[in-house]
Amino acid sequence: MERGNQFIGESGAFLDAVERASRAAMLNRPVLVIGERGTGKELIAERLHRLSSRWDGPLITLNCAALPETLIEAELFGHEAGAFTGATRARQGRFEEADGGTLFLDELATLSSAAQERLLRAVEYGEITRIGSSRAIKVDVRIVAATNEHLPELVDQGRFRADLLDRLSFEVVTLPPLRVREGDVMVLADFFGRRMAAELDWPDWPGFGAMATEAMKRHSWPGNVRELRNVVERAVYRWDDPDRKVDHIVFDPFESPWKPQPSRRPAAADSPCDEVIDAALSDSGVRATLDQSMNFDSVDDLRGAVDAHEKRILQAALARHRYNQRQTAKALGLSYDQLRHCLKKHDLLG
């Protein structure tokens, strides 16, 4: 699923999100699109634009995380000649470029506090001021913003302006991750497989074998649709017999018996898994259980003992949260990627 393609899926959760975006499209109001990486946030932004009365105007995109803090305001609002070192001539910002159309701000949560303040004024009053200028410029722009962060929590932490969130959250479209889109994995896999087979000039599309199908259904897809597309296209590209069903899947293209070994880091920063111990020991119940089970006199391998207890903490936390990895990560004070690293280390991903 990539820019310019139709939406593909049949699960209720997915169709509900698309329907919500479609209903909001005709209203000239800002929309927030929330979702994990690879869920199709930019596609939703494009849909909001194409189904709106602004469909014949520009759709301008800015990834807020792709620019340093010192340049993001100039990129958004433009600048006059001489406004800062290197500004040899005046330049329009993305707001002026999007006048009469839609401005899609990806990775919204990464905006600096200063940029948030200027964005608030642009949304509230419909005007912007170029850096180095005192003259306000009227702009007619619809804002669609996307993030993979929970913005109300960032407001509580003082990292995002509450008044800006109020202005932008007229409608919030939350895209479901692929792992909860029942039945959509193989629908998407078949679409990507057919497309790749056509690109390789295969006479027909043989489909996927039982082993490949089962592997894809069991995978948790942390990279969502983008990851699925890469996995499927790689599998088809590497398959040598177009007359047989594709039946070999490689989820990690970096996996190899000859891959470079990671350099050893200092013990204090040995692994993000060390945070599992710290988080568990902050829970008095877990600490008491561990204390009762530890026989310190018999420990002759510190690293091995720590790893063993770390694995038991992970197993207990997974069971307590019914093997929901995101809830487990939150309970242990880890990011999702850190938890996945720990589970892989202890062979608990199966």
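I begin with a pair of helices. Helix α8, residues 184–199, packs with helix α9, residues 210–218, at an angle of about 125°, and their axes are 9 Å apart. An angle of that value makes α8 oblique to α9. The handedness of the crossing between α8 and α9 is right-handed.

Which residues make this contact? From α8 they are Val185, Met186 and Ala189, and from α9 they are Thr213, Met216 and Lys217.

I turn now to the aromatic rings. The structure contains six aromatic pairs. One of them joins Phe77 and Phe95: the ring centres are 5.5 Å apart and the planes lie at 10°, so this pair counts as stacked. Phe77 belongs to helix α3, residues 69–77, while Phe95 belongs to helix α4, residues 94–97; the pair therefore ties together parts that are 18 residues apart in sequence.

Finally, a word on confidence, since this is a predicted model. The mean pLDDT of the protein is 87, and 87% of its residues reach 70 or more. Which elements have the lowest and the highest mean pLDDT? Helix α12, residues 284–293, has the lowest, at 49, and strand β1, residues 31–34, has the highest, at 98. Where pLDDT is low, the predicted coordinates should not be read in detail.

Thank you for your attention.

Terms used:
Residues are numbered from 1 along each chain as its sequence is written. This is a predicted model: local features need pLDDT of at least 70, side-chain atom pairs count only at pLDDT 80 or more; totals for chains, interfaces and linings use all residues. Side-chain values use heavy atoms; hydrogens and water are left out. Axes are lines fitted to C-alpha atoms, for helices over the stretch in contact, and angles run from 0 to 180 degrees between N-to-C directions. Helices (H or I, at least four residues) and strands (E, at least two) are DSSP runs, numbered from the N terminus. Angles under 35 degrees count as roughly parallel, over 145 as roughly antiparallel, 65 to 115 as roughly perpendicular and the rest as oblique. A crossing is left-handed if the near helix is turned anticlockwise from the far one by less than a right angle, and right-handed if clockwise. Contact means heavy atoms within 4.5 Å. pLDDT is the predictor's confidence in each residue, from 0 to 100. Rings of Phe, Tyr and Trp (its six-membered ring) pair if their centres lie within 6.5 Å; planes under 30 degrees apart count as stacked, over 60 as edge-to-face and the rest as tilted.
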